Amino acid sequence: MHISEGVLSLYPLTIGAVGAVVGIAAGLKKMEIDDVPRAGIVSAALFVSSLIHINIGPASVHLLLNGIGGLLLGIKLFPAYLVALFLQVLLFQFGGLAVLGVNICTMAISGLVGGCLGRYVIISGKPPWLGGAVAGGIGVVLAALFTALALAFSGEVFLITAKLVLLAHIPVVILESLIGAFIASFIYKMMPSLLGVDGK
């Protein structure tokens with residue numbers, strides 16, 4: 001869900017840049033040396049997952065995994081997205097440097113919210129798969145919504161595109177909920193501390 005160069009107006013670009021700087025700074029401040037390998041694995045997963053595009057009508061979609069990233073990293077998802085999206089710009093010209101801040105914010109903020117909600121579900125004693133499904137689904141829903149809003153704020157000409165972005169990601173919400181449920185269940189069995197709970 002990359003927004004390309006030359007599409008957005010100055011208003012969302014400025015908000016995105018400021019939000020990305022604040023988020024990255026907060027994430028780096030929270031990151032400890034033990035978090036670096038986990039952040040690297042999540043960043044690599046984010047990088048790879050978005051390289052496989054599927055066309056749905058006039059829109060193109062791909063896996064995000066931002067909700068699961070938020071579940072595992074919290075605010076440290078911002079630096080992970082900086083690395084993943086910057087490398088995509090550098091190597092494949094996905095997105096662009098001018099819209100890097102907006103793309104980081106749409107993905108990381110939505111992943112952070114989804115991850116926090118998913119972790120709350122798990123800590124509350126609900127099954128881990130449910131927390132993973134919540135994280136995965138909410139991450140995609142909010143990412144699509146934020147992307148659509150960024151397009152809508154850039155002019156009426158993008159309103160149809162914004163609506164298509166939302167509709168095209170309905171199948172992705174379902175798929176990411178299933179993937180999130182599987183990943184959270186697996187992590188709960190192998191290393192539950194990553195989810196903020198003790199194994200049973």
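Figure 1. A cavity here is a set of points on a 1 Å grid over the protein atoms alone where a 1.4 Å probe fits but cannot get out. The largest cavity holds about 70 Å³ of space, a volume being the space filled by probe spheres set on the points. Its lining consists of 11 residues, and Ser-50, His-62, Tyr-81, Leu-85 and Met-107 lie nearest the centre; lining residues have an atom within 4 Å of a point. This is a predicted model, where local features need pLDDT of at least 70, side-chain atom pairs count only at pLDDT 80 or more, and totals for chains, interfaces and linings use all residues. Residues are numbered from 1 along each chain as its sequence is written, and side-chain values use heavy atoms, leaving out hydrogens and water.

**Figure 2. Meet the largest nonpolar core, with 38 residues.** Such a core joins buried Ala, Val, Leu, Ile, Met, Phe, Trp, Tyr and Cys residues through side-chain atoms within 4.5 Å, where buried means under 20% relative accessible area, exposed over 50% and partly exposed in between (1.4 Å probe, protein chains only). Among the residues with the most contacts inside this core are Leu-46, Tyr-81 and Ile-104.

**Figure 3. Asp-35, Arg-38 and Lys-76 form a network of salt bridges.** A salt bridge puts a side-chain nitrogen of Lys or Arg within 4 Å of a carboxyl oxygen of Asp or Glu. The closest N and O atoms are 3.0 Å apart for Arg-38 and Asp-35, and 3.2 Å apart for Lys-76 and Asp-35. Asp-35 is buried at 8% relative accessibility, whereas Arg-38 is partly exposed at 23%.

Definitions and conventions:
1 Å grid on protein atoms, 1.4 Å probe; cavity = no way out; pocket = protein on both sides within 12 Å on 5 of 7 lines; lining within 4 Å.
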